[in-house]
Amino acid sequence: MQIEVWSDFVCPFCYIGKRKLEKALRNFEHREKVNIVFRSFELNPYAPKEGDETFAEIIAAKYGVSLEQAQAMCANMAAQAKQEGLDYRFETMIPHNTFDAHRLLHYAADHGKMDEMSERLYCAFFTESKDIADHNTLIDIAVEMDLDGSDVLDMLTSDQYTVKVRDDEALGSKLGVKGVPYFIFAQKYAVSGAQSVTVFEEVLDKAWSENVKIEEFNSGGGSCAADSCNMPS
C-alpha cells in the first residue's frame with residue numbers, strides 16, 4: 001500500500017505530521033508492505049535564497065499579527081513538536097527557499113534514500129538551524145548520507161529534477177492540495193494536517209482492508225495464458 005505525503009521542509013506541522021504517521025505505522029501489522037512517497041510542495045515558491053528575516057517575522061507579515069503574537073505562535077508550535085520528541089529552534093531557523101532541497105529529495109529517492117533524506121532535511125532546518133537553500137549545506141547533507149558530493153553539485157547547478165518537483169506540485173494542485181502536510185492513502189483516503197496518531201491508525205486500517213489484493217494459491221494446477229499453457233506435472 002502506498003502513502004503519498006505532500007510537504008515542505010519549512011512547514012512546522014509537516015515534521016510533526018511525519019512523526020505522528022510514523023508512530024501509527026509502528027504498531028501497524030502490515031508496516032513492511034507500506035511504501036511512503038514524499039511529494040514536493042512549496043509553501044512559498046518566491047521565498048528568497050538569502051536574507052536574514054526570522055521565522056517569527058515571516059509569520060507576523062503573513063498573518064498580519066504583531067511580532068510578539070508571532071513569537072507566541074512559534075512557541076506554541078515548538079511545544080507541540082516537543083510532544084512528538086522534536087526540538088524546534090525558531091529563534092535561529094533560516095527560512096529560505098526550499099526548491100533545491102526538494103530537488104535533492106528526488107535525487108536521494110533515485111538512490112533509495114528518500115525517507116532518510118526527508119528526515120535529514122527536516123532536522124537540518126528545524127533543529128540544527130542550517131540553511132537548506134545553500135548548495136554547500138545540501139552537498140554536506142548528501143555526503144553525510146554516503147551520496148556523491150560531486151554528483152550532487154552537478155545536479156544542483158543544473159535543472160535536474162525540476163520536472164519531478166513541478167510534477168508533484170501539479171499533481172497536488174489537481175487533487176486539491178492547498179495546504180500541507182497532506183496524506184493520501186492507497187490513492188483513496190486523504191488526511192489533511194498533522195492529525196492525531198489515532199486518526200492515522202484508523203485510516204491505515206481502513207485503507208489496508210479495502211486495498212488487500214486477492215491472495216493467489218499456486219499448487220501446480222494447469223492453466224493457460226493467451227500464448228501458452230502450463231501443464232500440471
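How do the residues of the lining of the largest pocket divide into nonpolar, polar and charged? I find 15 nonpolar, four polar and five charged residues in that lining, where Ala, Val, Leu, Ile, Met, Phe, Trp, Tyr, Cys and Pro count as nonpolar, Asp, Glu, Lys and Arg as charged, and the others, Gly among them, as polar.

Before going on I note that this is a predicted model, in which local features need pLDDT of at least 70 and side-chain atom pairs count only at pLDDT 80 or more, while totals for chains, interfaces and linings use all residues. Residues are numbered from 1 along each chain as its sequence is written, and side-chain values use heavy atoms, with hydrogens and water left out.

**Pockets.** A pocket here is an open set of points on a 1 Å grid over the protein atoms alone, where a 1.4 Å probe fits, with protein on both sides within 12 Å along at least five of seven lines, and lining residues have an atom within 4 Å of a point. I read a space of about 540 Å³ for the largest pocket, the volume being the space filled by probe spheres set on the points, which are joined across faces, edges and corners. Its lining has 24 residues, and Val 10, Leu 43, Phe 55, Ile 58 and Lys 62 lie nearest the centre. Helix H2 (55-63) gives the most to this lining, with five residues; helices and strands are DSSP runs numbered from the N terminus, helices being H or I of at least four residues and strands E of at least two.

The second largest pocket has a volume of about 200 Å³, and among its 13 lining residues Ala 56, Gln 71, Cys 74, Phe 90 and Glu 91 lie nearest the centre. Here H3 gives the most, with five residues.

**Strands.** I next looked at S1 and S2, which run parallel and are joined by six bridges; two strands pair if DSSP finds at least two bridges between them. Trp 6 stands opposite Arg 39 in S2. Five of the six residues of S2 are buried, so S2 is largely enclosed by the rest of the structure, buried meaning under 20% relative accessible area with a 1.4 Å probe and protein chains only.

**Helix H4.** Which residues of H4 are buried? I list Phe 99, Asp 100, Ala 101, His 102, Arg 103, Leu 104, Leu 105, His 106, Tyr 107 and Ala 108, which makes ten of the eleven residues of H4. What covers them includes S1, S2, H5, H6, H7 and H8.

Technical notes: Buried means under 20% relative accessible area, exposed over 50%, partly exposed in between (1.4 Å probe, protein chains only). Contact means heavy atoms within 4.5 Å.
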